Structure formats: structure tokens, C-alpha cells
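Please consider the structure below before reading on.

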2 protein chains.
Amino acid sequence: VSLLFRQLTICGVGLIGGSLALIARKHGLVERIVGLGRTQANLDVALARGLIDSATRDPVEAARGADLVMLATPLMTFPETLAAMVPHLPEAAVITDVGSVKGWVVREIEPLLGPRMAFVGVHPVAGKEITGAIAADEELYRNRRVIVTPSARSTLEAVAKLETLWRATGANVEQMTPEAHDTILARASHLPQIMSSALAVTLADEMVDGRWAAGFGAGGLRDTTRIAASSAEMWRDICLTNREAISAALSLYRKSIDDFSRAVESGDAAQLIELFERGRRMRERLK
Amino acid sequence: VSLLFRQLTICGVGLIGGSLALIARKHGLVERIVGLGRTQANLDVALARGLIDSATRDPVEAARGADLVMLATPLMTFPETLAAMVPHLPEAAVITDVGSVKGWVVREIEPLLGPRMAFVGVHPVAGKEITGAIAADEELYRNRRVIVTPSARSTLEAVAKLETLWRATGANVEQMTPEAHDTILARASHLPQIMSSALAVTLADEMVDGRWAAGFGAGGLRDTTRIAASSAEMWRDICLTNREAISAALSLYRKSIDDFSRAVESGDAAQLIELFERGRRMRERLK
């Protein structure tokens with residue numbers, strides 16, 4: 001594997017961007033890495049850990065010389081960040097992102113590109129409980145899924161380079177359309193999040209005879225509400241940018257909840273076994 | 001602590017009953033422990049591990065001399081098991097159970113008792129992924145909740161003895177009515193189970209563009225569906241015996257899901273933050 005890009009500018013040197021920086025540098029895939037950030041403290045950590053060669057809070061400075069720009073800030077700030085950079089980027093710069101929603105990003109980003117620029121959407125399906133440059137980890141992506149979503153402004157060459165870059169992380173890289181990505185992730189990721197948060201909301205103030213009901217939950221309640229502790233801002237953005245697919249996933253889910261409700265209310269033993277067994281088999285398959 | 005009962009007969013020497021047997025014996029709280037079981041293989045394990053002094057598959061034999069009977073088989077088999085034993089029990093035998101639902105058990109069990117017998121419902125809120133006598137563990141109950149639900153046929157003396165027995169496990173023992181127990185557990189335990197199983201059911205056969213959507217889930221999907229792998233028979237019984245409280249809990253939950261659905265559909269950013277934040281704070285409190 002040889003040099004893919006001269007200068008990678010990472011906008012948002014957190015867990016996701018910082019981990020990729022470590023790997024790109026280790027494999028010699030980029031010559032130089034610039035970090036664009038909002039807070040100097042995090043940029044200082046990124047510099048101290050050697051994730052980036054230089055740091056700036058100025059998008060114009062960050063744009064100069066970047067033949068690859070990776071958008072790794074909160075999803076809904078991508079357009080504003082990129083718009084400030086575009087006039088100062090090399091003519092044929094490649095833009096990529098690591099957002100959890102792809103259709104919205106393609107629709108918002110592609111109109112901002114200069115005529116010779118390319119865009120390649122990427123979603124590395126990985127995460128950790130801690131965030132920021134401090135959390136960057138070169139093993140973060142190993143054996144995880146990285147989804148590449150070619151769109152109208154993706155060139156074959158840019159897609160090939162991005163796939164080479166991401167394969168170096170040890171992840172399983174695969175392609176799909178932005179629409180398929182958003183439909184799948186609405187079911188496999190966004191639905192579990194809303195379901196978990198909705199349970200936490202339901203039990204937040206639920207008192208029975210002067211006792212907080214949730215205090216009587218065991219491992220099951222803990223497991224099912226763990227992700228309810230995630231960032232509200234991140235999930236607001238995902239909900240706002242993937243509305244249709246999430247609404248459809250919630251409708252599917254509501255049908256299952258209704259099936260259980262009816263079986264409970266009517267005391268239908270056979271139907272209860274059928275439903276719990278179907279769920280059990282799905283979970284076995286997931287292992 | 002001194003001897004509480006001469007002979008404890010445990011009906012169902014699995015994880016819950018077997019663990020209690022280990023502890024009762026260690027602290028010298030009972031003189032002799034008899035195990036009543038369906039399969040000889042599990043009883044042989046219980047004997048080999050010293051959980052019980054003798055084993056039988058005959059309820060009449062299990063009843064003889066038992067001044068304490070602990071029902072620890074699947075919930076809905078309690079009445080049949082106890083009915084077969086009652087004519088052969090000592091006149092003043094104490095009956096207890098470890099079921100996850102209490103109102104139904106009280107209603108079914110109390111009419112079966114001889115005139116001088118007492119019943120004390122208990123729910124130790126604990127569990128492990130493995131079951132059977134092989135899984136018995138004297139640390140299972142440490143710092144967990146054990147809920148005692150006195151009812152019409154509970155005597156003060158029997159309640160006091162059962163509480164002493166369960167305190168020896170290192171658990172936090174507390175009393176509430178069977179109704180409060182069932183209402184609380186419907187929210188803190190039964191609702192998370194149904195929610196998790198309903199998610200697993202929703203995604204069981206969900207294909208998008210030839211791909212199994214659930215295969216793209218990460219830790220969040222894994223956490224939220226972990227308990228969907230639980231025993232279908234156990235959860236059928238819980239649903240059948242705690243119908244009203246579970247239906248009420250599901251109605252509360254559906255309201256939260258509807259709140260999220262409306263916020264997603266209308267793209268209400270402020271309401272999304274409000275909901276996700278409320279869930280986040282609840283989860284922080286749970287830790």
C-alpha cells in the first residue's frame with residue numbers, strides 16, 4: 001500500500017476521526033494530517049498523541065492544500081464546515097465524511113462541491129463509550145463494518161482510494177446506496193436507540209406506592225437502557241436527518257408491540273410462545 | 001442465627017432454589033434439605049454438589065416431614081405441585097415460593113393450604129444466563145433485592161423466619177403488597193423483556209436490498225436484544241399471570257414511543273432533545 005493523499009484534513013479530531021488518523025499515519029497512507037477543531041484543548045491532545053501534524057480552528061487554514069477532507073464533526077454541521085472550506089481547497093479535492101446518516105449528507109454536501117471535486121460518503125459502524133482525541137484507538141475498526149455509499153459526485157478513483165484507506169483499519173468495507181444504508185441503519189441502530197430512550201422516558205418518573213419502579217430493575221433493564229445514556233444532540237441530528245426511514249422503522253416496531261399487547265390482553269399462550277420464540281431465534285442468530 | 005426449619009423441601013432445584021439451598025445449609029438454618037425434581041439428571045447434580053440431602057421425583061415423598069416447602073419450579077406449575085403435596089405435609093407447614101409474579105400465586109396457592117399452614121410469597125430479583133443445579137451459586141443474591149409480599153395467609157412468625165432465611169444470602173430484603181410488587185415488576189422487568197423481544201421480532205426477517213438489516217447492528221442492538229434470548233416458556237407464564245399490570249405498562253410505553261414518533265415525523269428538534277435528555281437522565285440515575 002502506498003501514499004493515497006498528500007494532506008488529510010480531519011474536521012473534528014474525536015474518537016472516529018482520531019482513530020482513522022492513527023491508522024492512516026501508521027500505514028503511510030497520507031503524508032500530512034491537519035486537524036480542524038472547535039476547542040483548543042482537544043486539538044492539543046490530538047497533537048500530543050501524534051494524531052495530527054498541525055491543528056487549527058480556522059476552516060480556511062484547514063482547507064489549504066487538503067486533497068482529502070474528512071467531515072467528522074456532528075452531522076448537521078457538515079454543510080457549514082465544508083461551505084467555509086470549499087473556496088480554499090485544491091480544485092480536485094476529495095471530500096468524505098463519517099456520518100451515521102448518508103442520504104441527507106449527500107443531498108446537502110454535493111451541491112457545495114467545486115466542479116472537479118468528488119464526494120464519497122462513508123459510515124464506519126463503530127463506537128466507544130468515551131469520546132474525543134483522548135479516546136482514539138487504532139483497533140477501533142477491526143472486524144467492524146465500514147459502509148461506503150457511492151453517489152452522483154463520487155468518482156471511481158476517489159471511491160477506490162477511500163476503500164483502500166478504510167481497509168487498512170481492519171474493517172469489513174462494503175458498498176451500498178445511501179438510501180439502502182439509511183433504511184438498514186434506521187432498523188438496526190436508530191430503532192434500538194429510540195426504543196431504549198423511550199423505555200427510559202417511560203420509567204423516568206414512574207412511582208408505585210412511593211417507590212421508584214426502575215430501582216427494582218435487574219440486568220435486563222440495565223442492558224435495554226444502556227444506550228439511553230448516549231448524546232441527545234447526536235440522536236436529535238440522526239432523527240432530523242433520517243426522518244422517513246426512522247418513522248417507517250417505528251411503524252414496524254409498533255406492530256410488534258401491538259402483537260405482544262394483544263397476546264397479553266387476551267391471555268393467548270400459544271401466541272405468546274410463538275412471539276417470544278421468534279425473538280429468541282433472532283437473538284441466537286445475532287450472536 | 002439458629003435453626004429456622006427442620007426440613008426444607010425445594011420443588012425445583014435449579015439456579016434459584018439451589019443457590020438458596022447452599023446458603024441455608026452453610027449458615028445452619030435448616031437441618032435437612034429435600035429436592036423434588038422432574039429429571040433425575042438435575043437431581044443427581046444437586047446431590048453431587050451437596051445442595052440437597054435427598055432427592056425424589058414423587059411429591060408425596062417430598063412432602064413428608066417438610067415444615068418449609070419452597071416452590072421454585074416454573075410459576076404456573078406451583079398449584080399442581082402444591083396440591084399433590086398438601087395432604088402429606090405436616091399440619092403447620094410453611095409454604096413459600098420464588099416466583100416472578102406474586103398476586104396470581106397468592107390467589108392460586110392460598111385456597112390450597114391446610115387450616116394451620118401459612119404462605120409467604122417471596123421474589124428474589126436475581127438471575128444468571130445459565131440455569132439448573134449446576135449453576136447454583138452462594139453469591140447469587142448478594143446485594144440484590146429480595147421482595148417479601150405478605151398476604152392473608154402469612155403469619156408474622158412465618159414472615160420473620162423467611163426474612164431471616166433470605167437475609168442470610170446477603171440480599172436486601174424488603175416487604176410490599178403482592179399488588180405493588182406486580183405493578184413495579186411489570187414496569188422494571190416485564191416491560192423491558194417485551195420491548196426487547198418485540199425489537200427482535202421486528203428485525204427477525206427484515207431484509208433490505210437482499211441484506212439482513214439486523215446484521216448491521218452494533219453494540220446498541222446487541223445490548224437491547226440480549227434478554228430476547230430468555231426462555232419463552234418462562235415469559236409466557238409471566239405474561240399470563242400478570243396480564244393487567246403488563247398491559248398497563250405497555251400502554252405507558254406506547255405513549256413514549258408515540259411521543260418519539262411524533263417528534264421524528266414533525267422534525268421537532270427541541271422535543272427530540274427534551275425526550276432524549278429525559279431518557280439520558282433516567283439512565284444516569286439508574287447506574
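## Contact between the chains

In this predicted model, 89 residues from chain B and 89 residues from chain A take part in the contact, where contact means heavy atoms within 4.5 Å. Together the two chains bury about 8300 Å², 70% of it on carbon and sulfur atoms; this is the accessible area (1.4 Å probe) lost on being put together, summed over both. Within chain B, the residues that lose the most area to chain A are Phe216(B), Phe276(B) and Arg283(B), together 9% of what that side buries.

## Salt bridges and contributing elements

Eight salt bridges are counted between chain B and chain A, each being a side-chain nitrogen of Lys or Arg within 4 Å of a carboxyl oxygen of Asp or Glu. Asp223(A) and Arg226(B) form a salt bridge, with their closest N and O atoms 3.5 Å apart.

Elements giving two or more residues to the side of chain B that touches chain A include helix H7 (178-204) and helix H11 (269-286) of chain B, helices being DSSP runs (H or I) of at least four residues. H7(B) provides the largest share of that side, 20 residues.

## Nonpolar cores

A nonpolar core is a set of buried (under 20% relative accessible area, 1.4 Å probe, protein chains only) Ala, Val, Leu, Ile, Met, Phe, Trp, Tyr and Cys residues joined through side-chain atoms within 4.5 Å. The largest has 113 residues, and Leu89(A), Ile95(A), Tyr253(A), Leu89(B), Ile95(B) and Tyr253(B) have the most contacts inside it. Apart from this core lies another, of 42 residues, among them Ile16(A) and Val148(A).

## Conventions

Residues are numbered from 1 along each chain as its sequence is written, and chains are lettered from A and ligands numbered from 1 in the order in which they are written. Local features need pLDDT of at least 70 and side-chain atom pairs count only at pLDDT 80 or more, while totals for chains, interfaces and linings use all residues; side-chain values use heavy atoms, with hydrogens and water left out.

Key:
Buried < 20%, exposed > 50% of the residue type's maximum accessible area, 1.4 Å probe, protein only.
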